[in-house]
Amino acid sequence: MQRSLRLPRLTKSPPLETVRTQVVRNVLRTNGFSVIDFEPSPHFLSPETAKAFGYGIYSARYGNIYTVRQLLQLAQDADSGTVDPLNIWTKGDRFYDALRPNIEPDGFDSPEEATVLREQHLAKVKRLFRRMNVFIFTLGLTEAWVDKRTGRVFPTAPGTIAGDFDPGVYEFKNFTYDEIYEDFVEFRDLVCARNRDLKIILTVSPVPLTATATDNHVLVATTYSKSVLRAVAGSLADTYSNVDYFPSYEMIASPWSKGFFYESNMREVNSGGVAAVMRVFFDQHGAIETPAPGETLSEEARPEATSERRPRRSRERTPSAERPRPATEETAGERRGKRPNKRAPRAERQIAAAEGAQPEAASERRRRHKRVPRAERQIAAAEGTQPEATSERRQRRERAPRAERLIAADGTQPEAASERRRRRPEERAPNAERQRHERPSRAEAKAARAEVKATRVKGKATQAKSKATKSKATRAKAKAEPTEAKADEVVCEDILLEAFNT
Amino acid sequence: MTGFSLCVIGNSHAGAVWQAWKGGTIAARQGFSMTVFASQASSVEMDHRDGSLVPVDPAVSEMFAFTSGGKDRVEIDKYDAFLLVGLGYGIDLARTFTRCNVFEHLAHGSADIVVSHACLVEIIRGHNAKSAALAFAGQVRADSAAPILIYPTPFRPETMLSEENDPCLSDQALLDNIMPRSIAAVSELASQNGCEVFWQHPETVALPGLTKAKFAKGAVNLRSSIERDSKHVNPDFAVLSLQAILQRLGQASPESAPGHINSHDIEPETRARA
């Protein structure tokens, strides 16, 4: 990286929580960054419930911000305290804040409640934008739904979580490079006017679109979206001294990583990916190695911090053999030997600590991955089953002749030749008779071969037919129900929007 | 029926139950017995070992021995049913509002943490999920299939309104909105943990979430009788609840007709309304 912003080196971290989406925040905290939370979860909410209510995910309870226009809108609203009653959607007798419809799982009791809580939220965001030192924003999407009357953009399509889709009121918008660039400049100007020392780090979400509301194929739409967002981020970083670009997108999505950092659905970033990104982030921006005076980080929070720091200081002074050693003190080697996770890289151990899980040793993972081809592992992961090792499959297959295996494609287990022989009384019958049973006549053999061939052809035909029907149906469905496709597209996108503070 | 042993485990709120039972006004079937294990300690913690619940704190053991007639531990298999009194289970809106507010509070001034009504109900549920009552219920359930009933902490007396100075605590519309949902959520939580909640008698309720002042007069908290108490209730209150509980367990004397409704008969939120 050519240039990196100097991030503040901060205070000790609060206790770790184990919610999956908080992993990045926790890793940041573990490394000494103070992650601001202006709308923390109230006491007694379980982590799952808190997450369902939008607490503890971002630095305030704004829900997912996918587009720069949405970010600009939030900053403008926070600045003015504006709450537009048009942005209260309904579903049955419940009311939703259209600009963050995910933060109340069952909506609000009344429009008044939704409005007042939005005012409260905007007041918090206003304070947040004024107090943060570093702002990390992940550019997520270029596509959005807009209210024609007000120009407001929404994080989800009207009619999905709540509200009704009225084509006369809402329209689809795919933002261009210029629009996104200008929106961000406006956002930057607005926020930095009141927070002059603010530093901004931009990233681009590596999560591909699952659907698009454009007429393009989703792959084309994804490439457009990522290209435009990446270009805008780079351009902003080149132009403004307080804006930097952090290449997490490249680390995760580039061909060199061979998709290794994605989960089996090829969309979500796995913990290894997060670890890799965070490792580079800390290398570039500086992680804290020592806590503030008088403060200590727990071993649980920093699995390696103490063991790394302590020997380093001692070694500089005295050779290992000469160092006086209390009876209870372990050597670094002993300590490492005790640690079950000694083979996992540090960043992965931190992720695992944040998740409350034991990281898998690299060698174990390699061993496991060698046994089963990747595609099968992905299928097994999607089905929630344990993938079968190639060697096991080969062993199993060897038992039954191929033709029988094909016939057994109806779902039954093909019988092994040895088992069949053991079971059949004919085995003990005279040779001639056995031959009659075991060796089919030429006509019979021909018929069997023809049957196998027919089965294969039929299978292929069925596959082709099902593929054709499916894609036709999908196309028809997408055409008939544009809002549904759009809903997928906006709901599934990941973002990371965080703020740090000294 | 030969005999029936009810084990009562509770905190300071069990004082009223203990007094009510000792007062002799509750008519129970022949052979019915009640053993009360109560301690005023704010957090009664017990170890579960060898089929018994053993208090961690010796002071609690002493109180258990005092209220039970010499038993310093609860031998689970000796009882036919369990009644958990107070132990952090219940709905205390005044306390909840010290930690977070609802938008109605903003009409009376500023508030830092404002949550939706739906979130407030989840907070109340979350508070109960961490109660000692449910912890004990889990320990008992590990060794016994006997019914476990919960006598929740009584709603705060209405006299508290003058002390708390929170207008939302007497906001009928707000209480009508929040309380039935909270009661339903807390009842459901108990049910998920194999317990049944006996909400206080409708006769004792002033407003949803508030107990009539007359039931706070002469309140009992295991230590002494207090003329004015902002948390506890008197034995008259406990008599009404105990009669319902005995009826539920089939242990009420046929001669007595308490007229109390238990949570099987109607929806809990209906019961809690005055």
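View 1. What you're looking at is a predicted model: local features need pLDDT of at least 70, side-chain atom pairs count only at pLDDT 80 or more, and totals for chains, interfaces and linings use all residues. Residues are numbered from 1 along each chain as its sequence is written, while chains are lettered from A and ligands numbered from 1 in the order in which they are written. Chain B has nine helices and 13 strands; these are DSSP runs numbered from the N terminus, with helices being H or I of at least four residues and strands being E of at least two. Take the contacts in chain B between residues at least 6 apart in sequence: 73% of them join residues at least 24 apart. Two residues are in contact if their C-beta atoms, placed from the backbone, lie within 7 Å.

**View 2. Where chain A meets chain B.** Chain A puts 15 residues into this contact and chain B puts in 17. On chain A's side, helix 4 (residues 111-131) gives the most, with four residues.

**View 3. A close look at A:Ala237.** This residue sits in helix 6 (residues 218-239) of chain A. Why does A:Ala237 count as buried? Because A:Ala237 has 20 C-beta neighbours inside 10 Å. Leaving out residues up to four places away in sequence, A:Ala237 touches A:Leu202, A:Val243, A:Asp244 and A:Tyr245. A:Leu202 is 35 residues from A:Ala237 in sequence, but 8.1 Å away in space, C-alpha to C-alpha.

Technical notes:
A residue is buried if 20 or more other C-beta atoms lie within 10 Å of its own, exposed if 12 or fewer, and partly exposed in between; C-beta atoms are placed from the backbone.
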